[in-house]
Amino acid sequence: MTDRKTRNIVWAAGLLIIGFISISAQTEKLNECNWTDSTRDIYINGEIDRAGQLMFCEKPRRYALISSKLDRTIILDLTEKTVRTAPKEALRYGADRSTATSDATAATEPAGKYTLVDGSTYLLSHGGKSILIRSHPGLTGEVSLDKLFETVPVWRSLMESYEPKSEAVAALKASDKPAAVTVVLGSWCPDSKNYVPKMMKALGAAGNDRLQVKVIGIDNQFHEPIDIIQQRRIINVPTVIVEREGREIGRIVETPAAETMEEDLAAILKGKPNTHTGRWDRGPLLARGTYQYLDQTGKQQGSEEWEMFSTNENGHLIHSTIKTDDLSTEVWHRLDGKHRPTFVEITKQRGDGVVRTRYRFPDKSMTARLRGNQPGVIEQTLSVPEQLAFVSPAVAAEGWGWMQIAATKDQKQITSYFAPRGYAETVGALRSASYEVKGEEAVRVGGRELRAKHLLRKAERESSEWWLHPELMIPVRGKVAGGFEYVLTSLEAPANK
């Protein structure tokens, strides 16, 4: 009996040890991670939880859900597609509640898997409660600050923790002429979250009753409220419109030209608005110039002013402003060090109509997202090869397809995306383009003679000739089948002097 009893005790102890080892093997420490607030709608048992917060970590890719209705923090691992839980105090928040760091000593426990419903909607359960996480469509129409903060509570924390520029606050307070300030925002939009609460703090600190502030929300598809979007020409949020006696005297679009929104607003009220140089990072200026657009008779039909910058990845960035009779087009076009496109933005304005398309190139794909004050939002996603030429409306970037060809051996063709040049066209198309070198020719530009590389490009429904600058690889001349011609009329190249 004693031996049997001993064996039973040893057997039971072994089971406990095995069970303990099994549980310990499933318990993991929470990796160090930097978290940022991610605006989503959270439903628990079918009811929206506005006080709940979703945080995002880029490396490793994870979401963390924190809610007073849940006893633990929920961790969604987007790579493993699993769910784990952690103690409530596992995330250590910054003062503004929009950022946090992980407590690397916190233990996480497995809690199953989630279901990805439609690419941005997550469904899971915990402690007998169903949890749904989906995109936030956005408040629409005129809203009070209380309603805004009730919907996106972290905005209040961002406002309260911010210290506005004292000089700008003083300037806002001293503005002695009545003005209407209309703030158009997206409660779903990261730029709106970053800038609007800070500007509202500055306006509150100024306490100037002569500044009448109205806040209007729009949905994430740019459909509602349609009258505001169309009449106010809204294609980016936030957009801050400043008016006196019913006349617009300035606006701030998406990001400030100065360091802060309050500085831009104060400058507009003084009648000296700051000039925005674009939000895209760039290195030193390499060159700038002007093209004339000529028709078959040699009559000028438009012009293009452009700048070329280096980038921190040994690539190039072109910024072009194109003017024709009825259309104004602005292009930002960026290449990496291997001459592949990394980002393109094209904004077109005709009369009261404005459309802006942003192109991005993640992992052998290209995504295009068009926003317009008339068509709303249109999206396009295409699979693309690693070597892709992007043909934008900017003539200054026409040589970039050849640069990719030249970087490879025995290649004369490259898949090219031709972005639409006209206003009515919304999306472009992929075509194969061939490049043939016709030799070098002498071309005069601004009183100087250059030995330009002469190229012939052919693609479906397109044939053109280009003469490229020997160092900058920008066209000094271009001719399109049918007789339309582009001529470089001025060139400054400080980096090549």
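Tutor: A pocket is an open set of points on a 1 Å grid over the protein atoms alone, with protein on both sides within 12 Å along at least five of seven lines, and its lining residues have an atom within 4 Å of a point. The model is predicted: local features need pLDDT of at least 70 and side-chain atom pairs pLDDT 80 or more, while totals for chains, interfaces and linings use all residues. Residues are numbered from 1 along each chain as its sequence is written, and side-chain values use heavy atoms, with hydrogens and water left out.

Student: Which residues lie nearest the centre of the largest pocket?

Tutor: The largest pocket holds about 1,500 Å³ of space, a volume being the space filled by probe spheres set on points joined across faces, edges and corners. Its lining comprises 39 residues. Those nearest the centre are R40, W188, P190, R369 and R371.

Student: Which element gives the most to the lining of the largest pocket?

Tutor: Helices (H or I, at least four residues) and strands (E, at least two) are DSSP runs numbered from the N terminus. At least two lining residues each come from β2 (34-38), α5 (190-206), β25, β26 (365-372) and β27 (376-383). With five residues, the element that gives the most is α5.

Student: How many cavities of 30 Å³ or more are there, and which element gives the most to the lining of the largest cavity?

Tutor: A cavity is a set of points where a 1.4 Å probe fits but cannot get out, and the count is two. The largest cavity, with about 50 Å³ of space, has a lining that includes I346, K348, V355, T357 and Y359. Two or more lining residues come from each of β24 (341-350) and β25 (353-360). The largest share, three residues, is given by β25.

Student: How many of the nine residues of helix α7 are buried?

Tutor: Buried means under 20% relative accessible area, exposed over 50%, and partly exposed in between (1.4 Å probe, protein chains only). In α7 (residues 261-269), the buried residues are M261, E262, D264, L265, A266, A267, I268 and L269. The helix is therefore largely enclosed by the rest of the structure, its buried residues numbering eight.

Student: Which helices are among the elements that cover the buried residues of α7?

Tutor: Contact here means heavy atoms within 4.5 Å. The covering elements include the strands β16 (179-185), β17 (211-217), β18 (239-244) and β19 (247-253). The helices among them are α4 (166-174) and α5.

Student: Is N314 buried or exposed?

Tutor: N314 is placed in the loop between β21 (300-310) and β22 (316-324), and its phi is near 65°, a positive value in a residue other than glycine. Its relative accessibility is 68%, so N314 counts as exposed.

Student: What percentage of the residues of the protein chain count as buried?

Tutor: The chain's secondary structure comes to eight helices and 34 strands, and its C-alpha trace spans about 110 × 65 × 40 Å along the principal axes. Of its 497 residues, the share that count as buried is 48%.
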